[in-house]
Amino acid sequence: MKGVLAAVGLLVGLLVVNGLLTGTLVPGVSISPYFLQVLCLAGINITLAVSLNLINGFTGQFSIGHAGFMAIGAYASAFFTVTFGDSVRKAFGLLPGFAGDSIVLLIGLAIGALLASIAGFIVGVPSLRLRGDYLAIVTLGFGEMIRVFILNIDAVGGARGFAGIPKLANFFWIYGFAALAILIVYRIVHSSFGRTLIAIREDEIAAEAMGVHTTRAKVIAFVVSAAMAGVAGGLFAHYLMYVNTNSFTFLKSFEIIIMIVIGGLGSISGSVLGAVLYITLTEGLREFAQYRMLMFSLLLVVLMIVRPQGILGHKEFVTFLTRRRRSIGEAPGTAGNA
Amino acid sequence: MTTFLQQLVNGVSLGSIYALIALGYTMVYGVLRLINFAHGDVYMVGAYVGYYLSRRLQGREPSMVSALLVMIGSMIACALLGILIERLAYRPVRRESRLTLLITAIGVSLFIENAAQLVFGPDPKFFPSLAPHADFIVAGVRLTSEQITVIVVSMLLMVLLRLFILKTRTGKAMRAVSFSLDASRLMGISTDWIIAVNFALGSALAAAAGVLIGMQIPKIDPLMGIMYGLKAFVAAVLGGIGSIPGAVLGGLLIGTSEVMVVGYLSSTYRDAIAFGILIVVLLIRPQGLLGRVQKEKV
């Protein structure tokens, strides 16, 4: 009951903030479109970072193919809304409006998430048997292959990109799904399955010896993570109204990795912090134009040398402030993962 | 058949470039267990140093001597760059987890790419021709002098590297360090020095590859290292990472199959084929074609 109330409260709150930001609630009160866009992209990044952290941070499997799943979600959901959007509205007897748009968007995102998770399964089953660097390079390879295959599908524009996607996503949906992603990952990590994942991260061989079906657990985590990346991709497509395969190169995967590494691998609030910091820094340094990425990459290297576990490390934000010792998922005396 | 032979020649010359870069990956991975993402960018810097050096020599007639000078100059510059990268970025985090090293490498790679866009300018540059150009027709197959140079020079460098590793004291130490870093330190080998030598040699080979690609495909840009670097890494893994003959074999395989896919299928799949082969090989033979099986110790 408390959970339902909290959820309703969150949704209403998001709707109010959405109205305030876009100027539909109180006439004259709104923020600049540029700032709103930065805010929305930050929200999408939060979803991506939190979902990738499930596999990279909590399960300890280094995957660099997240952009591929995001691409699948983006293209699949966009293809659905462009092709079938009107017939869905008609089937529900709804005019183009908030209700109709929401249903179309939700079905589109569900399709995107489904296809991304299927792809996650296909990629995960063979590659998660590999370890460490091999897994990293294979996921990178799969991510690039997904991109190349989408590039060769003419129905979604090929190299021209996919234009004419209706603008269905907004602040409300983006942050609603970001909250959902945080909730899902939080619940997973604090369940017995979450402890399984953390056990795999800490010592895969020991976990296997204790009777954990490691490949199965890893694949489940990977599929869930891919599905969330698919949703983020769908939101991305329906917010910017145009997608191009160039947005989903492995550099995008690197970006997401940078976010979770800055915040701290294995920390949900760390991922949120990392995503927000990343976008703040990249946008904030925009006036330095060409020096922006230079400073950013330098910052990353310096951070790795000075504080390799990221800002929060394994800890969550609250524990980071109050108790400085240990927190969820960190056995006493261990630091980092191999 | 002639078309096939022609593609094969093109593939081998592209593959030699991949092989040269792959050697650097495999050598660094052998000692540090690190995917040196910045290696592809060292290759790019090599091409640019070659470009600026050859502009200096432009008054002269194109000749083999000036080509040689450019290549050696670029190799020295990149060897220094490689040592610098290792000293400033990788050494401080060498004892941290593998993931930290990997992310540092990604950071260094992004840094070099962006610095290169500032220093060299983001637009592609056109490599001046260094050596006199000639075409040879053998059994209906066209061989350009650039292709022959690429193949001969890269084979020569690989043989030299192999001799260095097998016949010299430093080479012996390199093999020992890649076998076990800690044990070789205990035996009195200066591991820091050997790691620096690894970076220097690998980077010099990448620089040679950069100059060779400049001679063959005369368009260079600051982001050219990304794809070449990735494919060369794939080649190194394919052949069995840590194995030097494996890197050469992997490079030739990736180069040939890429040219074949472009020739017979579609050029849009050229970047997918390398990864496709890699995935299949890793699933069947995770240690790579010529790699050693590493037993996992509990």
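What percentage of the 338 residues of chain A count as buried? Select chain A and colour by burial: 48% of the 338 residues count as buried. Keep in mind that this is a predicted model. The predictor gives the complex an ipTM of 0.77 and a pTM of 0.83.

**Stop 1: chain A overall**

Switch to cartoon. Chain A has 13 helices and zero strands. Read along the sequence, the pattern is α-α-α-α-α-α-α-α-α-α-α-α-α. Now draw the contacts with a sequence separation of 6 or more. In chain A, 78% of them join residues 24 or more positions apart.

**Stop 2: helix H9 of chain A**

Select residues 214-240 of chain A. This is helix H9, with 27 residues. From first C-alpha to last, H9(A) reaches 39 Å, close to the 39 Å expected at 1.5 Å a residue. Most of H9(A) is covered: 20 of its 27 residues are buried.

Step one residue past the end. A:Met241 follows H9(A). A:Met241 sits in the loop between H9 and H10 of chain A. Check its backbone: phi is positive, about 65°, although A:Met241 is not a glycine. Most residues other than glycine have a negative phi. Is A:Met241 buried or partly exposed? A:Met241 counts as partly exposed, because it has 15 C-beta neighbours inside 10 Å, while burial takes 20 or more.

**Stop 3: A:Ala207**

Move back along chain A to helix H8, residues 204-209. Pick A:Ala207 within H8(A). Why does A:Ala207 count as buried? There are 20 other C-beta atoms within 10 Å of A:Ala207, and the cut-off for burial is 20 or more.

Show its neighbours. Leaving out residues up to four places away in sequence, A:Ala207 touches A:Ala199, A:Ile200, A:Val212 and A:Thr214.

**Stop 4: where the chains meet**

Bring both chains into view. Here 32 residues of chain A are in contact with 35 residues of chain B. Which elements of chain A give two or more residues to the side that touches chain B? They are helix H5 (132-151), helix H10 (250-263) and helix H12 (292-306) of chain A. Highlight H5(A): it gives the most to that side, with 12 residues. Next, colour the chain A side by residue class. It has 23 nonpolar, seven polar and two charged residues.

**Stop 5: chain B overall**

Chain B has 11 helices and four strands. Its C-alpha atoms fill a box of roughly 55 × 45 × 35 Å along the principal axes. Compute the radius of gyration: chain B has 19 Å, which agrees with the value near 19 Å for a compact globule of 298 residues. Of these 298 residues, 52% count as buried. Among contacts in chain B between residues at least 6 apart in sequence, 78% join residues at least 24 apart.

Now colour by pLDDT. The mean for chain B is 86, and 96% of its residues reach 70 or more. Where is confidence lowest in chain B, and where is it highest? The lowest is in S2(B), at a mean of 78; the highest is in helix H8 (residues 191-216) of chain B, at 91.

**Stop 6: the hairpin of chain B**

Zoom to S2(B), residues 135-138, and S3(B), residues 141-144. The two strands pair in the antiparallel sense over four bridges. Find B:Ile137: it stands opposite B:Arg142 in S3(B). S2(B) and S3(B) form a hairpin with two residues between them. In the turn, B:Ala139 has a positive phi of about 50°.

**Stop 7**

Select residues 98-120 of chain B, which form helix H4. Its end C-alpha atoms are 32 Å apart, which agrees with the 33 Å that 23 residues should span at 1.5 Å a residue. H4(B) is mostly covered, with 17 of its 23 residues buried.

Finish at B:Arg33, in the loop between helix H1 (2-32) and helix H2 (39-56) of chain B. Its phi is positive, near 55°, in a residue other than glycine. B:Arg33 is partly exposed, with 16 other C-beta atoms within 10 Å.

Notes
Residues are numbered from 1 along each chain as its sequence is written. Chains are lettered from A and ligands numbered from 1 in the order in which they are written. This is a predicted model: local features need pLDDT of at least 70, side-chain atom pairs count only at pLDDT 80 or more; totals for chains, interfaces and linings use all residues. Two residues are in contact if their C-beta atoms, placed from the backbone, lie within 7 Å. Ala, Val, Leu, Ile, Met, Phe, Trp, Tyr, Cys and Pro count as nonpolar, Asp, Glu, Lys and Arg as charged, and the others, Gly among them, as polar. The expected span of a helix is 1.5 Å times one less than its number of residues. A residue is buried if 20 or more other C-beta atoms lie within 10 Å of its own, exposed if 12 or fewer, and partly exposed in between; C-beta atoms are placed from the backbone. The radius of gyration is taken over C-alpha atoms; the globule rule is 2.2 Å times the number of residues to the power 0.38. Two strands pair if DSSP finds at least two bridges between them. pLDDT is the predictor's confidence in each residue, from 0 to 100.
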